[in-house]
Amino acid sequence: MDDSIYRLRNHDLLLLVVISLLGLGVLMVQSASMGVSGNLGFQLTDLGKKQLIFAGVGIGLFILIKQVDYMRLVPRSRSVWLAPATWLMLIAMAACVAVLIPHVGIEKNGARRWLPLGVMQVQPSELAKWAVVIFLAWWLTYRPIDLNRFGGFLITLVPIGLLTLLVVIQDFGTAALIAVVTLAMLLVGRVKLWHLAVVVPPVMAIGLWFVAHKEYRWKRMTAFLDPYAAPQAEGYHMIQSLLSFATGGLAGTGIGGGIQKLGYLPEDTTDFIFATVCEELGLFGALLIIVFYLGILMMAWQVMKSKRDSFGRMLAFGIGTMICTQATINLAVATVSVPTKGLSLPLISSGGSGLIITCGALGLLGSILKHRHAIDAVVPEKPRKKRVRKSKVINNRMWSEWTTA
Amino acid sequence: MVAPSSFRASGVFLLIVLIFGALIGRVGYLQSWGSQKNIARAERQQFQAEPLFARRGSVFDRNGMLMAGTVQSQSLFVDPKFMADEFKNLGLEPLLEMDQAVGRICKIIDRNPLEISQLLGDRAQSRFVRLADNLDEATIRAIDRLDLPGIGFSPSNIRYYPMGSIASHVLGGVGSDGNGLEGVELKFNKLLAGRDGNKRTLKDARRRPISVDADDYVAAQHGQHLILTIDANIQTIVEQELAAACEKFKAENGEAVVMDPWTGEVLALANYPTFNPQVLNEATQERRRDRALTDPYEPGSTIKPFIVGPALQSKVTRSAEVFPVNGISWPAGYGRRMIRDVHGYQRLALWDVLVKSSNIGMCMLSQRMGNKGLHDALKSFDFGKRTGIELPGEDPGLVNPLKKWNRFSTESIAQGYEMRVTPLQLARGMCAYANGGRLVQPHVVEGTVGPDGRIVRDASRKQFSQAPQVIGADAANQVRRILCDVVVRGTATRARSTTYNFFGKTGTAHSAKNGAYNEDNYTSSFIGGGPYEHPRLVIAMVIHNPDKSLAHFGGTVAAPAAGQVLQRSLEYLQIAASPDLPLPPPQVQDVLYAFDPSVYRKKSVTVSIKE
């Protein structure tokens, strides 16, 4: 991408998309969390206030990470243990184990998913999914071991499988999301197709058995086919979501005019915020959200199709796929097209740590857009020394030396 | 270094874009056609509709006295589900506690606790079970003090009849749903009931109200008030006298109608026995029937003035004409049928035919008029037609069409058989003689009071001058003068008043029982009015099946009671006492049976004061 004064650069465009999504999120969380208070005049709700602060922090983190070269994630030596991606995986695993320990992990709504971390609570599963993306992007492009052999392929799956198993205990939705994104990244990372063909069906079979062998899980999985079969039990969330779409209609009731959010629709600021958006903004709101996600996907595609370093392309693909897959699953749940999963709508649903971590991941995408490396970018032997002293101009000049184009 | 595959990536991205597209389609579908299935459910959960009850209008008599009114009272209801949940939340055994609660409530409202427990058990999931209606303040306070969960009061409207059974047949009554079942309550139900409004409130999930759209609020239109032409005082007098007569002669039932001859307004309309409109469902259907206009009967001699009048009018006869009655029986109808009188006379003037109520004289007259003349005479007074009074269930009575009449009809009709009239029709016919020949329209409703408090009178109501002149004023006044003699020296002397000059005609008719006449069932009636000089009231009183061992003649059973009604009512209306009656015209005096001018003089003028 040319840096030009005449057009928006892609990372600025991404910043606008992130700000738009966060802004819409703050607006909708505020709207959805409003209730009948009897007070006249506008008031920020607790959730709205929190969301506003988190969005500010998220944008700050996005801009911060955007400025930093993503190549720092690549180890300077070929040792696996020195790679930041490996350490990220290890930290994620440790967090996932820690959250399972009573008194350490915090339990909410019957699921132990949160780790107290200073001022806020962190979901290890949020950490895990981005760790997997970064790890796979590095592993698949730098290939510390030979992935063309089946043995090497299986070794690749070990850490990811381990982490996914740790996540599945606490959060089935995120685990499924990790599995789907892993599959897509393996596919794009030029793994042999027959390797996938051998591994994927058994994994899917195990997953299916896991769901089907307990009747209550199976009932929950198939409830979306006919929510009215159990309107007060499994079908309740789904019915209320359907009613939100029906109440709003194509035109919507206008911002703040939603009725379903007044206690009828559960999880109206988190998992089912899309239903609130559609009730208040109608089809337009749905289109708006999808256009913004497609904007992120387009940014990833811009990186993917350009001639540049493999790690950056792979990472951009992973980030774009992760965000958009999560969004599609959330939308599908809200429209009662698939079974209910506890997945939030990225950047819009209320929720502190997930929001900030997602902003950080998108900052990474911004960094990829901003910092462009050559096709076979090698890690500078001693980059740290040089970079510390470098001004921005010199920095650019130095990169132009690396760039063959 | 291995470069990722752009081709495979484009495949993945394309899939994501396609899924987004499909989701947009899904959203659009759910918001448009797909919403049909859900929208009703959404509205049901988000909106709460509640009726705004209209207050039923009151009914007043012509003087503004309340005859039927609506008061708001409280009903007690229970929410069994809420009650059980509350007890459960308090950590108590719900069934045990509920039984105790029911026991305490039942002690106050005086119901059987087992019954109520059973009811609540059957409807344990219900949110509204009504336990008692029409609670007074003290009861409500007592129940309030129990401080039980899931107990509430809801306002309900109760219809009150402050006059008890007075005018019960005119008022009718309402059913448990508040709709009229009889009388004006039924006839004017729509007007009295008004229109219930309703309110649809948007509520949040905790049922706190949020807003009401302008379209969703329809205010209740309260019912209009009704003002009757009934005078509660006269009505009371009539009911007292009617009941006294019926009880004295052990009659089965009786009816009386009092009308204002100049306007057609019904001042009193009574039936015996009465019922209490407050507890309408305790009265049998039989008893609730307003017989004064629903049950026509064969009038007997009371029909005679309505034949003589038109005969005089059409100059078929003169009041001084003398009929050769010749004894108590006369073979009419080619000798195959004997017409009988109670008393035998040789010669009777037309005047005396009415005064003595001679069947033979009437038959001679009617033979001269012919079937057509008789038919026209009856038809001119609208017998056989509904009067159109504002009460439900009126019967038209019966006057056969002329082609159904046979050669026996002439004599039957002349004596008031082969036809049926209602007491109301008789009273209305009598009005024509009282007011100089105009057939007025009977009314029971004076007007309505709208929401603005103004009295609205029926604009289509006819003025007196617009009423059809069914008989000439001369003939009408002549008949009225003859009818005065009925009271002075004829069959109705027991109705004679020392204050006023009444006119009237008695009737004693065989009534058919099980399709055959017999010697034990009679209908005694009296139609008349007063005072003669300027009639103010007209009455028709009919008493069915008095005990024959006591009395059965109209002049004995009905006439004294009717006379008392007229006397007391005229006194109540503060009508001046009448002067002595004018003597009959000289040419009539000559042919009258045992004429004695002294009988026309009042014996003494005393004001009778009744307790």
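The model is predicted. Chain B and chain A bury about 4300 Å² between them, and no salt bridges are counted between the two chains. Over all chains, a search of the whole structure finds 29 salt bridges.

**The interface of chain B and chain A**

- Contact brings together 37 residues of chain B and 58 residues of chain A.
- The size of an interface is often given as the accessible area lost when the parts come together.
- Here that figure is about 4300 Å², with 71% of it on carbon and sulfur atoms.
- On the chain B side, the residues that lose the most area to chain A are B:Met1, B:Phe20 and B:Gln31, together 18% of what that side buries.
- For polar contact across the interface, the rule finds 22 residue pairs, both residues being at pLDDT 80 or more.
- Three elements of chain B each give two or more residues to the side that touches chain A: helix H1 (6-31), helix H2 (36-46) and strand E8 (197-203).
- H1(B) provides the largest share of that side, with 17 residues.
- Sorted by class, the side of chain B that touches chain A holds 20 nonpolar, 10 polar and seven charged residues.

**A helix pair in chain A**

- Helix H6 (residues 172-188) and helix H7 (residues 193-212) of chain A have axes that come within 11 Å and cross at roughly 170°.
- Angles over 145 degrees count as roughly antiparallel, so H6(A) is roughly antiparallel to H7(A).
- From H6(A), the residues in this contact are A:Phe172, A:Leu183, A:Leu186 and A:Leu187.
- They meet A:Leu193, A:Leu196, A:Val200, A:Phe210 and A:Val211 of H7(A).
- By class, the contact of H6(A) with H7(A) has nine nonpolar residues, with no polar and no charged ones.

**A salt bridge within chain B**

- Side chains of opposite charge can pair when their charged atoms come close.
- B:Asp85 and B:Lys81 form a salt bridge through their side chains, at 3.9 Å from N to O.
- Both residues sit in helix H3 (residues 80-89) of chain B, and because they are four residues apart there, about one helical turn separates them.

**Backbone details in the loops of chain B**

- Most residues other than glycine have a negative phi, and most peptide bonds are trans.
- The peptide bond from B:Tyr272 to B:Pro273 is cis, with omega near -5°.
- B:Pro273 belongs to the loop between strand E12 (266-272) and helix H11 (285-288) of chain B.
- A cis peptide bond also runs from B:Gly530 to B:Pro531, with omega near -10°.
- The loop that holds B:Pro531 lies between strand E22 (516-530) and strand E23 (537-544) of chain B.
- B:Asn545, a residue other than glycine, has a positive phi, near 50°.
- You will find B:Asn545 in the loop between E23 and helix H19 (554-572) of chain B.

Conventions
Residues numbered from 1 in each chain as written. Chains lettered and ligands numbered in written order. Predicted model: local features only at pLDDT ≥ 70, side-chain atom pairs only at ≥ 80, totals over all residues. Heavy atoms only, no water. Axes fitted to C-alpha atoms, helices over the stretch in contact; angles between N-to-C directions. Parallel < 35°, antiparallel > 145°, perpendicular 65-115°, else oblique. Contact = heavy atoms within 4.5 Å. Nonpolar A, V, L, I, M, F, W, Y, C, P; charged D, E, K, R; others polar. Buried area = accessible area lost by both parts, 1.4 Å probe. Salt bridge = Lys/Arg side-chain N within 4 Å of Asp/Glu carboxyl O. Polar contact = N/O pair within 3.5 Å; in protein donor to acceptor, adjacent residues only side chain to side chain.
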